[in-house]
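Colleague: Could you walk me through this model, please? I would like to start with a helix and then turn to the sheet and the rings.

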Amino acid sequence: MLNNSSEPFDLTERLHRPVAIDWLVFYRIAFGSVMCWYACKFLSSGTVELFYTIPLIHFPYDGFEWVRPVDVKFVFDEQTYEFIHFQYLIMALTAFMIAVGLFYRVAAILFAVCFVYGFLIDKSYYQNHYYLVSLLSLQLPFLPAHRACSVDAYFFPSIRSQLVPTWTLWLIRFQIGVPYFFGGIAKIDPDWLRGQPMRMSMAAKTDLPLIGGPWMEQEWVVMTLVWGGMLFDILIVPGLLYKKTRPLAYILAVGFHLANSVIWTIGIFPWFMILTTTVFFEPDWPRRLFVWIRRKSYVSSSIDHKAWKPASARMQNLTTCFFILYVSWQCLFPLRSFVYPGNSNWDEYTHHFAWHMLLRAKECGLRIYATDPSSGRSGTVDLRSYVTGRQLGVISRDPRMIHQLCRFIAEDLEQRGHRGIEIRALALISLNGRKPQVVVDPSVDLGHLPLPSGYPDYVMPLTEPFRHDAWDYPLSEWEHRIDLKLPPQMQLSSR
């Protein structure tokens with residue numbers, strides 16, 4: 001009889017071995033609870049209106065231009081509500097249903113559709129944790145998370161199981177680990193390693209309650225956070241996977257996310273990660289914890305492995321193929337910033353979906369010029385009549401979103417009877433404390449330029465050198481302190 005160590009490695013067999021379902025039950029409850037809180041908070045705080053109903057224009061992701069808010073209104077108690085309110089109400093309800101395991105599969109599918117649809121409507125609200133939740137929500141319908149400790153399992157005993165295939169555990173472990181690891185890889189960046197934008201961020205946080213103070217601006221504090229943050233992101237997943245270092249790694253992770261919740265405004269992300277990072281524990285950790293609280297000894301044989309019914313060989317092979325393809329995509333896609341042209345911190349071209357966190361601090365100034373070529377008259381456009389302040393803060397730092405805005409303005413002027421109006425942008429950006437420079441070629445009529453399928457030709461390369469001491473002049477003085485070579489259409493309107 002062959003020793004186990006001499007047996008060939010069979011990935012399919014390993015991925016379909018049974019493990020305790022306990023971890024998945026906790027994960028389901030945690031995911032549903034946090035997302036129910038998120039949806040309710042968005043509804044009650046007016047964020048839904050700010051994000052979706054007030055703006056005149058939304059900025060879709062490449063390839064998802066067809067995604068728009070559904071233009072349907074409801075009247076309830078003499079108040080008018082948009083469909084997006086109904087969508088977030090469904091999200092809150094289905095998230096609760098996921099947490100308690102009520103009609104789990106249907107609830108998981110509806111939640112995934114609603115959340116991902118809302119996420120894709122406007123990239124000016126992009127956050128890495130929204131992207132992470134989108135991926136996890138799309139995976140949720142495929143996980144048998146309702147087979148224990150759920151309403152479904154109570155009413156339908158035939159679905160009950162104390163076991164799930166191993167691939168479910170490693171899929172979620174992988175997905176939770178991706179933001180950590182690739183967030184660390186992204187920090188192998190010249191600006192980050194030289195202390196920016198952390199130096200600028202700490203200087204702006206000295207007045208924080210409890211932890212704020214002049215000490216936050218000390219160089220040793222800044223560099224400790226810079227190198228500590230990078231090493232934490234890269235090493236925390238191996239630390240959580242290795243049993244002997246797992247307790248310390250989790251304590252560090254909790255401390256890291258609690259600190260983030262105080263220093264940065266990132267909503268549910270710290271609490272979501274604290275709860276979901278428990279997937280790196282032993283699969284039966286909730287059972288062990290419950291037994292320990294009751295002061296009894298744990299017996300691993302309490303889980304009946306003989307009752308395990310694996311999927312068919314065909315289904316196992318299919319699952320393994322999808323697992324490999326998905327993992328490969330998630331590993332390769334974030335690395336595109338290393339091979340694509342440009343600097344993603346400057347031009348934002350590969351910023352999305354790459355787990356770039358805290359890598360850039362941008363001070364931006366944006367002015368849009370409208371020129372009538374027949375008369376030569378130019379004027380500036382009041383951007384407040386097109387976008388919200390929240391949108392403008394993101395648009396101003398992204399050349400392609402500036403292009404989208406210019407095209408929308410040109411189309412709007414066309415509909416108002418002003419035909420052939422040229423639209424140009426004066427977009428100044430100070431990246432990580434550098435002296436401001438133009439990011440978009442001001443001579444290009446962006447209003448009538450088709451959206452490019454590749455890297456935009458109108459993006460000006462970053463030429464300003466790194467500065468240890470950040471540029472510290474107010475926006476109102478920028479044009480007088482930098483050498484601007486503007487086209488006649490802009491010079492005319494600035495006299």
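Predicted model: local features only at pLDDT ≥ 70, side-chain atom pairs only at ≥ 80, totals over all residues.

Colleague: Which residue follows H2, and what is its phi?
Modeller: Residues are numbered from 1 along each chain as its sequence is written, and side-chain values use heavy atoms, with hydrogens and water left out. Helices (H or I, at least four residues) and strands (E, at least two) are DSSP runs, numbered from the N terminus. Phi is positive at the residue after H2, near 85°, and that residue is Gly 46.

Colleague: Which strands stand at the edges of the open sheet of four strands?
Modeller: The order is S6-S5-S7-S8, with antiparallel pairing; two strands pair if DSSP finds at least two bridges between them. Two of them have a single partner strand each, so one side of each is left without a neighbour in the sheet: S6 (377-380) and S8 (437-438).

Colleague: What is the angle between the planes of Phe 42 and Phe 51?
Modeller: Rings of Phe, Tyr and Trp (its six-membered ring) pair if their centres lie within 6.5 Å, with planes under 30 degrees apart counted as stacked, over 60 as edge-to-face and the rest as tilted. By this rule there are 39 aromatic pairs. Phe 42 and Phe 51 form an edge-to-face pair, 5.6 Å centre to centre, and the angle between the planes is 85°.
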